[in-house]
Amino acid sequence: MGSNLIGKDVKRVDGVAKVTGSAEFVHDFKVDGMLYGALVKSPYAHARIKRINTDPARKIAGVRAILTGEDLPYKVGLYLVDKSILAVNKVRYYGEPVAAVAADNLEIAREAAGAIEVQYEELEPVLDVQTALEEGTPLVHENLGRYHYMQGVFSPRPGTNIANHFRLRRGDWEQGMVRADLVVENEFWQPQVQHVPLETHVAVGHYRPGGQVKIWTSAQSPFAVRNLLSAGLDIPHENIEVIVPYVGGGFGGKAGIHLEPLVTCLSRAAGGRPVKITASREEEFTTIPVRQGLLSRIKTGVSQEGKILAMEVQFLWDGGAYADYGVNIGRAAGYSGAGPYEVEAIKLDSITVYTNKPFGTAYRGFGHLEIHWSLERQMDLIARKLNMDPADFRCKNILRPGSTTITGEKIKSNSGRVDQCLEAVVQEIGWTGRPQALNWKKARGKVRAQGLALLHKAPAMPPNTGTGALLKMNENGSLLVSVSLIDYGQGTYTALAQVAAEEMGLPLDKVKVVWETNTDKDPYDWQTVASKGLFMTGNAVIRAAKDLKKQMKNVAAQVLRAPEDELDIAGEKIFLRHDPEAAVSFAEVAMGYTYPNGNSIGGPLIGRGHYIAQGLTNLDPETGQGQPALDWTYGAHGVEIELDLETGELDIINIVSAFDLGRVVNIANCRGQVYGGVVQGLGTAVMEEYIYDDRGRLLNPRLTDYKIPTCRDIPHQVKPIFIENPQPDGPYGARGVAEHPMISIPSAIGNALGMLGLQLKAGPLTAERILEEIDRLQEKTD
């Protein structure tokens with residue numbers, strides 16, 4: 001009865017609106033009487049606030065409200081409530097807001113912000129994760145022991161700079177190291193980077209009579225905004241309405257709460273006039289959160305035959321000034337911390353560390369790109385020492401059906417097959433597995449090399465993560481789909497439209513996914529993160545469709561005077577299975593069926609569906625054992641690079657990427673995720689990084705100095721491969737694949753350089769770093 005839409009190349013349902021400019025974003029939004037906000041930001045990474053003089057700003061005509069931290073006795077936070085809306089007593093990173101202004105227009109607001117006088121006493125900044133853990137280092141949060149946090153899941157350490165310490169213990173790792181024929185130990189680094197969404201952060205807040213709050217925001221998770229705003233400002237949930245229209249990209253950076261509390265408080269201070277704050281591109285770099293940095297230390301014991309016997313892993317996350325998502329990134333990356341490999345014994349510590357830098361938050365991959373940089377580089381370095389083909393070494397150790405993960409989860413045949421991903425990449429790229437022995441004294445010109453890397457990731461979310469969906473039938477039998485999952489460019493609404501059309505047997509053009517999400521009107525969704533959107537909301541839509549069809553059959557059974565179990569649905573009709581001519585149309589029952597004499601039955605048709613994560617558990621706080629994964633998506637990358645030995649410049653000739661995504665729902669969306677993810681991963685691999693001076697001031701806070709990939713950097717060829725081992729509880733067998741394409745791209749490129757003998761362990765792999773390593777090798781051969 002389906003319309004055979006699953007797996008097809010279906011055009012994006014938002015395509016026309018976006019390319020014609022008719023899609024409305026919060027950036028475009030104006031409300032009658034709206035004021036504009038501007039921020040006063042700290043010029044220091046760590047300083048005590050001695051005095052704030054707002055008098056000069058208050059004298060400027062058109063200024064309607066000014067707030068400092070002393071006016072706002074609130075704290076906000078996702079898992080650890082450690083952040084003031086505006087800095088109180090001291091600032092903890094360069095660019096942190098210390099005051100805010102609302103005025104009649106943006107020019108006046110900025111003038112007033114510039115007129116506010118702030119006196120600081122600069123303090124010694126904490127800029128390095130290793131230094132942050134040393135005894136006697138200044139504390140970023142002296143009152144850490146007084147903060148509320150999610151107990152039983154996270155463990156901040158008062159009197160230190162540790163925001164969270166995740167532990168995982170399995171087997172006898174010490175004995176495993178003793179048994180090992182080879183022990184390899186290395187240290188790796190990935191810096192902080194910026195999300196760089198096309199649309200910067202923006203929010204409009206309206207504090208209305210009776211304590212009612214209305215928020216329009218460019219956010220990934222409207223219900224998370226509502227919940228955190230309620231908790232932070234002590235406003236009942238029912239008094240907060242959050243509206244999210246089209247969103248111009250997020251990549252995780254819009255998943256939590258950011259400008260919303262401040263615009264709410266400014267609106268209240270301005271007598272209830274709406275206030276809009278739009279982050280400038282420079283503020284996006286200096287004030288809005290970033291992707292965390294990571295220092296990894298990995299020690300691996302292996303047998304002579306290439307079997308991993310034990311691992312000791314330490315992840316030190318540069319979490320910046322506040323915990324935000326950072327503590328959960330450390331946790332999620334921790335339980336994935338051996339990569340897609342079976343490891344008998346492991347000791348793993350994943351520690352999120354406070355520093356005086358912009359704070360870390362969710363970023364596409366949720367820490368997995370960072371850990372796979374170290375894990376996959378380590379795999380190649382071990383293979384080299386064993387004189388083994390890196391692909392063969394991986395094959396000896398990868399998770400297969402029957403394997404056990406480091407948290408104790410059994411891998412099944414339907415969990416996904418990383419071995420098939422690796423096999424597909426090896427075959428497609430023409431893998432040779434041979435390192436090149438270059439004479440560095442004589443080497444000139446350009447050389448080519450190949451590299452491999454694997455990856456895995458599960459959705460990072462609490463065990464009670466839930467989502468809902470409503471299907472509302474229109475008078476003509478068409479369908480409206482209401483969800484609170486946010487499509488901010490990933491194409492999920494197109495896939496959900498396919499699911500709804502498939503379930504209802506409707507043509508796609510008769511299914512509309514409602515774009516603007518409103519917490520007062522639309523069903524709950526936890527958050528739009530973690531590559532769980534299609535999996536969970538897709539299941540909710542399927543259940544809503546089943547509920548809707550049940551209602552339709554109930555009405556049709558009365559009209560046709562037949563049992564419900566003898567009815568079928570197809571072709572926009574409900575009909576008798578043995579007599580298809582006996583039928584009623586969708587349109588006839590949509591608003592309730594009316595008999596010729598005027599009697600009516602039924603009523604407006606609304607299907608309701610929900611889905612909650614199945615089988616997840618909390619993890620043991622001492623051992624990390626438990627069931628954290630809704631599903632796993634496995635993948636592999638193979639790259640071919642060309643390196644100019646005289647300039648250090650890289651040219652990416654070919655990237656082959658294979659993913660076991662269970663079942664393809666929309667082939668064009670899947671390809672788009674791979675193309676976009678690969679290029680975004682390429683940015684991390686070869687150019688993107690935050691650069692600070694010795695006082696913690698960001699030196700590259702704009703796109704003239706902070707480089708992201710352009711069309712000139714795109715690989716010559718990107719080849720996506722999709723392997724389908726269906727997930728039994730996924731919609732039509734599907735698993736998520738939104739984050740995964742960028743994970744391990746830096747690792748694969750680093751491993752390709754390693755095949756040339758260039759063993760770099762710190763990202764990004766810039767031409768300067770490559771040349772430094774070439775120079776070192778040339779000097780070594782003298």
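A residue counts as buried when its relative accessible area is under 20%, as exposed when that area is over 50%, and as partly exposed in between. The exercises below apply this to a predicted model.

**Exercise 1.** Decide whether Thr404 is buried or exposed, and find which residues it is in contact with.

*Solution.* Begin with the location: Thr404 lies in the loop between helix H11 (390-395) and helix H12 (418-429). Next, take its relative accessible area, which is 12%, and compare it with the cut-off of 20%; Thr404 is therefore buried. Then turn to its surroundings, where, leaving aside neighbours within four places in sequence, Thr404 is in contact with Arg170, Glu342, Leu399, Glu409 and Lys410.

**Exercise 2.** Work out how the axes of helix H10 and helix H17 are arranged, and which residues meet.

*Solution.* Two packed helices are described by the angle between their axes and the distance between the axes. For H10 (residues 368-386) and H17 (residues 745-755), the axes come within 8 Å and cross at roughly 25 degrees. Angles under 35 degrees count as roughly parallel, and H10 and H17 are therefore roughly parallel to each other. The handedness of this crossing is right-handed. On the side of H10, the residues that take part are Leu369, His372, Trp373, Glu376, Arg377, Asp380 and Arg384, and they meet Pro746, Ser747, Gly750, Asn751, Gly754 and Met755 in H17. Sorted by class, this contact has four nonpolar, five polar and four charged residues.

**Exercise 3.** Compare the backbone and the accessibility of Asp324 and Tyr732.

*Solution.* Most residues other than glycine have a negative phi, and most peptide bonds are trans. Asp324, in the loop between strand E16 (308-320) and H9, has a positive phi of about 40 degrees although it is not a glycine. Tyr732, in the loop between strand E31 (717-723) and H17, likewise is not a glycine and has a positive phi, of about 60 degrees. Asp324 has 9% relative accessibility and therefore counts as buried, whereas Tyr732, at 23%, counts as partly exposed.

**Exercise 4.** Find where Arg331 is located and which residues it touches.

*Solution.* Arg331 is found in helix H9 (residues 326-335), and at 11% relative accessibility Arg331 counts as buried. Not counting residues up to four places away in sequence, Arg331 touches Val153, Phe154, Phe166 and Leu619.

Key
Residues are numbered from 1 along each chain as its sequence is written. This is a predicted model: local features need pLDDT of at least 70, side-chain atom pairs count only at pLDDT 80 or more; totals for chains, interfaces and linings use all residues. Side-chain values use heavy atoms; hydrogens and water are left out. Axes are lines fitted to C-alpha atoms, for helices over the stretch in contact, and angles run from 0 to 180 degrees between N-to-C directions. Helices (H or I, at least four residues) and strands (E, at least two) are DSSP runs, numbered from the N terminus. Angles under 35 degrees count as roughly parallel, over 145 as roughly antiparallel, 65 to 115 as roughly perpendicular and the rest as oblique. A crossing is left-handed if the near helix is turned anticlockwise from the far one by less than a right angle, and right-handed if clockwise. Contact means heavy atoms within 4.5 Å. Ala, Val, Leu, Ile, Met, Phe, Trp, Tyr, Cys and Pro count as nonpolar, Asp, Glu, Lys and Arg as charged, and the others, Gly among them, as polar. Buried means under 20% relative accessible area, exposed over 50%, partly exposed in between (1.4 Å probe, protein chains only).
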